[in-house]
Amino acid sequence: MKYLYIIYQICIGLPIFLAITIITALTTTLGCWLGNGNFWGYYPGKIWSQLTCYLFLLPVKVKGRENLEKNTSYVFIANHQGSFDIFLVYGFLERNFKWMMKKSLRKIPLVGKACESAGFIFVDKSSPRKILETIKSAEKILQNGTSLMVFPEGARTYTGHMADFKKGAFLIAHQLQMPVVPLTIDGPFNVLPRTGKLLHWHPMRLTIHKPIYPNGKNEENLQRIMEESYREIEKDLPEKYKGKQYNPD
């Protein structure tokens, strides 16, 4: 079965994936240019993500959607196990959101332009002024139920364990006094780890935890939210992936 899956993903899965990726990028860019960016900046990507998981025969289980309220904007934060985190969250969270991502991703042909058209937030950490611009961009977007999605580790894990969280997403939630929703991602590390070249069949699971609400604008509140978020995410990871490890990124 292992070798059949390798043949399937190379001969069938990959060509179809490349085709739907190009179609999705073009549809998103054109749709956002012609019409409602809130719609076209989310739904083509959502469908693309779902199709990718179905295409590669990956089972998905989601737990905790009842913890979210309709028409409420959140800052979603999750551990970063691998490339398939994107398809799991984008396809199955069932919330309209914008990604916060590295500015280098804007350079990806077609995809980078689609992300820019969709209103995703590209992070520039080169100066305090640029960081302030990021917060202002988020403030414009996080309204009427549109949320923000961030991987606060900043990069994919090498081992399946979590690394320290960076403050960026939490500063935005802190500044705007918005609830933070931790998400536990489990499975994508087994599907395609950072150092992997081929996919491995493995179920994927997304756990949506209860929102953590701000309690004033002070350093203690910021630290509390970061620590609570880390604990919530980690507690639903398999035992073999619990425990913090250093990530050189």
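Colleague: Which residues of H3 are buried?

Modeller: This is a predicted model, where local features need pLDDT of at least 70, side-chain atom pairs count only at pLDDT 80 or more, and totals for chains, interfaces and linings use all residues. Residues are numbered from 1 along each chain as its sequence is written, and side-chain values use heavy atoms, leaving out hydrogens and water. Helices (H or I, at least four residues) and strands (E, at least two) are DSSP runs, numbered from the N terminus. Buried (under 20% relative accessible area, with a 1.4 Å probe and protein chains only; exposed is over 50%, partly exposed in between) describes these residues of H3: Pro44, Gly45, Lys46, Trp48, Ser49, Gln50, Thr52, Cys53 and Leu55.

Colleague: How far does helix H3 reach from its first C-alpha to its last?

Modeller: Helix H3 covers residues 43–55, which is 13 residues. The expected span is 1.5 Å times one less than the number of residues. The reach of H3 is close to that expected value, at 18 Å.

Colleague: Which residue just after H3 takes a positive phi?

Modeller: Most residues other than glycine have a negative phi. Just after H3, a positive phi of about 60° belongs to leucine 57.

Colleague: Is asparagine 71 buried or exposed?

Modeller: Asparagine 71 sits in the loop between strand S1 (60–63) and strand S2 (75–78). Its phi is positive, near 60°. With a relative accessible area of 69%, asparagine 71 is exposed.

Colleague: Where is glutamate 94?

Modeller: Glutamate 94 also has a positive phi, near 65°. Its relative accessible area is 39%, so glutamate 94 is partly exposed. Its place is the loop between helix H4 (84–92) and strand S3 (97–102).
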